[in-house]
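Trainee: I'd like to take a close look at one part of this model with you. Could you walk me through it once it's up on the screen?

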Amino acid sequence: MTAGPGGVNETLTEVGQVHGTDGATAVLGKTDYSDDGGQQSKSPAKIAFERLRKDRIAVGCSIVIVLFLLMGIFAPLIAGLEGQSPTEPNYDLIGDDNLPIFYTNGDHWLGLTSNSGYDVFARFVYGIRPSFSIALIVTITTTIIGVVLGLTAGFFGGWIDRVIGWVVDFVLSLPFLLFAIALVPIMTTYLVPGGQPTTGEVQKIRIAAVFIALVFFGWAGLCRLIRGEVLALREREFVQAARSLGSPTKRILFKEMLPNLTSVILVAFTTSLPAWIGAEAGLSYLGVGISLPTADWGLDIALGQQQMQAFPLPMLAPLVGLLILVLCLSLLGDAVSDAFNPTTRR
């Protein structure tokens with residue numbers, strides 16, 4: 001901080017840091033000094049959000065993500081502009097070669113899929129719904145599980161830490177793709193009497209299998225990350241002071257330590273969401289996830305692949321949409337990570 005000619009202090013522009021004798025660095029909030037000598041303290045979270053507001057890439061990605069979300073929410077209205085349904089086949093518009101008899105027209109803006117003749121535009125606007133909703137629920141669930149188990153393992157240590165560590169190592173050692181592929185027939189065998197499920201039952205089983213597979217493999221990495229952060233936090237002075245004052249364990253975990261993990265959790269959340277969107281689309285592409293006639297971008301990419309050379313739009317539309325959404329979410333996650341890092345200069 002420097003003093004101006006008239007004795008007015010200029011605004012501090014960087015986040016303060018205090019270096020202890022043990023080498024640890026504590027991040028302090030920024031203090032703004034006004035012209036009248038008053039002080040206004042800013043928390044690290046407020047500083048991070050100010051950085052995000054000034055980041056053009058983060059703002060642009062946020063706008064694109066909101067547009068995609070609005071498209072999914074108002075999919076019936078948007079598809080209604082064309083007047084087509086995403087699940088209604090048009091067999092009369094498919095030729096003898098199983099390809100559409102036209103490229104695009106006024107009734108089908110992006111053309112039709114091969115074989116069944118589903119409308120590509122209607123399926124595109126509806127296709128974001130299963131991908132984003134499943135990924136969002138999986139991200140929330142894995143974040144809760146990972147944070148709770150990571151807090152428990154890091155704070156208590158001992159045999160609890162060892163058991164949770166063994167489970168994490170076991171989960172991370174399993175092959176994700178083989179587990180997901182095998183889960184569908186296993187659940188069908190044990191959940192459907194007689195082994196002859198209806199179309200609705202198959203769809204529910206597939207959605208449940210995708211959700212279980214993603215959650216089962218998704219929490220372990222965050223648990224290990226939170227455990228490492230907690231191991232460092234539990235030796236800090238404010239935690240030791242809370243212990244010496246006789247604070248209950250629940251208060252120490254969720255009132256003292258958890259708020260200090262907010263930035264780590266937020267960064268992990270924003271970076272996990274695009275990964276699970278891509279994973280769900282990949283499973284649907286391989287025939288493990290969502291099945292017809294439900295619209296899903298991964299499934300539609302697989303359908304459009306069959307007619308790529310003659311009619312590329314049925315494949316390019318969901319592929320480009322998935323690429324843009326995942327890219328914007330990934331860039332936003334990187335921006336959030338940089339914004340909460342006090343050593344980053346953006």
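Trainee: Leaving aside its neighbours within four places in sequence, which residues is A75 in contact with?

Mentor: A75 is in contact with V125, Y126 and R129, once neighbours within four places in sequence are left aside; contact here means heavy atoms within 4.5 Å. Before we go on, bear in mind that this is a predicted model, where local features need pLDDT of at least 70 and side-chain atom pairs count only at pLDDT 80 or more, while totals for chains, interfaces and linings use all residues. Residues are numbered from 1 along each chain as its sequence is written, and side-chain values use heavy atoms, with hydrogens and water left out.

Back to A75, then. It's found in helix 3 (helices are DSSP runs of H or I with at least four residues, strands are runs of E with at least two, and both are numbered from the N terminus). At 0% relative accessibility, A75 counts as buried; that word means under 20% relative accessible area, with exposed being over 50% and partly exposed in between, using a 1.4 Å probe and protein chains only.

N98 has a positive phi of about 65 degrees without being a glycine, and its relative accessible area of 41% makes it partly exposed. N115 lies in that loop between helix 3 and helix 4 too. Its phi is also positive, about 65 degrees, and N115 isn't a glycine either; at 35% relative accessibility it counts as partly exposed. For context, most residues other than glycine have a negative phi, and most peptide bonds are trans. P293 is in the loop between helix 10 (262–285) and helix 11 (297–305).

Now follow helix 4 to T139. T139 is buried, with a relative accessible area of 0%, and it touches F269, S272, L273 and W276, not counting residues up to four places away in sequence.

Next, look at helix 2 (residues 56–73) and helix 12 (residues 313–339), whose axes come within 9 Å and cross at roughly 140 degrees. Those axes are lines fitted to C-alpha atoms over the stretch in contact, and the angles run from 0 to 180 degrees between N-to-C directions. That makes helix 2 oblique to helix 12 (under 35 degrees is roughly parallel, over 145 roughly antiparallel, 65 to 115 roughly perpendicular, and the rest oblique). Residues of helix 2 in this contact include C61, I65 and F68, and those of helix 12 include L325, C328 and L332.

L325 turns up again in the largest nonpolar core, which has 52 residues; L214, I277, W297 and L325 touch the most other members. Such a core is a set of buried Ala, Val, Leu, Ile, Met, Phe, Trp, Tyr and Cys residues joined through side-chain atoms within 4.5 Å. Leaving out residues up to four places away in sequence, L325 touches F68, I128, F132, I277 and W297. Apart from that core lies another, of 16 residues, F155 and L222 among them.

Zooming out, the chain has 12 helices and 4 strands, and 41% of its 346 residues count as buried.
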